[in-house]
Amino acid sequence: VSPSSPRRVTAVAAGLFLFLNAIYLLTYSGTFPTGDEATLMAVTESLAERGEMSANPLYWNRLGTMSRRPSGDVLPAFEPMQSLLSAPLFWLAQRWPQVGNIHLTLLFNPLVTALTALMVFAFVITLGYETRVGVACALLFGLGTIAFPYSKLFFREPLAGLWLLSAAWCLTRLRQRRNF
């Protein structure tokens, strides 16, 4: 197998993904330090259980958050992609009695952050660099930037970063194919 064969690159990417997830799970907290995270979790619960894109006030209050509007209302659902994509994890946890629904759902951002590191790896390979440079860049991103602390939280930023980097990678691939 040649040093940069597709098979080797795929194996390296899989190893990179597993390694980063292992690190993220070792440092996993499983808590909500902010009301924004609790709101996103309440919307995720509502979506998974009832198909509604609103924060369930009873569930939201049970999370112990105090982030309310001055009127006393629960914060509304906002930026729904995080809840839409993490709802299957919540739904799965509801049907798997040995696993807590919040704890399984909170694994969403470690997975997304590891996928973003894989996008960094793919981007570097697409730009023509060697596999080891891609691994170094992906590890620097995954462990040496703000992405690492965000992997522990249920904020939307890791998902936004994945979408933005994916769009940039797709545009780069399109540009390479069209020879712009």
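**Exposure, salt bridges and a nonpolar patch**

Colleague: Let's start with R132: is R132 buried or exposed?
Modeller: The relative accessible area of R132 is 62%. Buried means under 20%, exposed over 50% and partly exposed in between, using a 1.4 Å probe and protein chains only. At 62%, then, R132 is exposed.

Colleague: What kind of model is this?
Modeller: Residues are numbered from 1 along each chain as its sequence is written, and side-chain values use heavy atoms, with hydrogens and water left out. Local features need pLDDT of at least 70, side-chain atom pairs count only at pLDDT 80 or more, and totals for chains, interfaces and linings use all residues, as the model is predicted.

Colleague: Which residue forms a salt bridge with R132?
Modeller: A salt bridge here is a side-chain nitrogen of Lys or Arg within 4 Å of a carboxyl oxygen of Asp or Glu. The closest N and O atoms of the R132 pair are 3.1 Å apart. The partner is partly exposed at 46% relative accessibility, and that partner is E130.

Colleague: How many salt bridges are there in the whole structure?
Modeller: Besides R132 with E130, there's E45 with R50, whose closest N and O atoms are 3.0 Å apart. E45 is buried at 7%, while R50 is partly exposed at 37%. R95 and E49 also meet in a salt bridge, at 4.0 Å from N to O. A search of the whole structure puts the number at three.

Colleague: How many residues apart are R95 and E49?
Modeller: Their side chains meet in a salt bridge. The pair links distant parts of the chain, with R95 in the loop between α4 and α5 (101-105) and E49 in helix α2. R95 is partly exposed at 46%, and E49 is partly exposed at 33%.

Colleague: What is the fold made of, and how many helices does the protein chain have?
Modeller: Helices (H or I, at least four residues) and strands (E, at least two) are DSSP runs, numbered from the N terminus. From that end, the elements run α-α-α-α-α-α-α-α-α. There are zero strands, and the helices number nine.

Colleague: Which helix gives the most to the nonpolar patch?
Modeller: M53, M81, L84, L85 and W163 make a nonpolar surface patch of about 450 Å² (areas by the Shrake-Rupley method with a 1.4 Å probe; for residues, only the protein chains shown count as cover). Patches take residues with over 30% relative accessible area and no salt bridge, joining like charges within 9 Å and nonpolar side chains (Val, Leu, Ile, Met, Phe, Trp, Tyr) within 5 Å. M53 is in the loop between α2 (35-50) and α3 (57-62). With three residues (the helix spans 81-94), the top contributor is α4.

Colleague: Which residue's backbone oxygen does the side chain of T145 reach?
Modeller: T145 is in the loop between α7 (131-144) and α8 (147-150), and T145 is partly exposed at 34%. Its side chain comes to 2.5 Å from the backbone oxygen of F141.

Notes
Polar contact = N/O pair within 3.5 Å; in protein donor to acceptor, adjacent residues only side chain to side chain.
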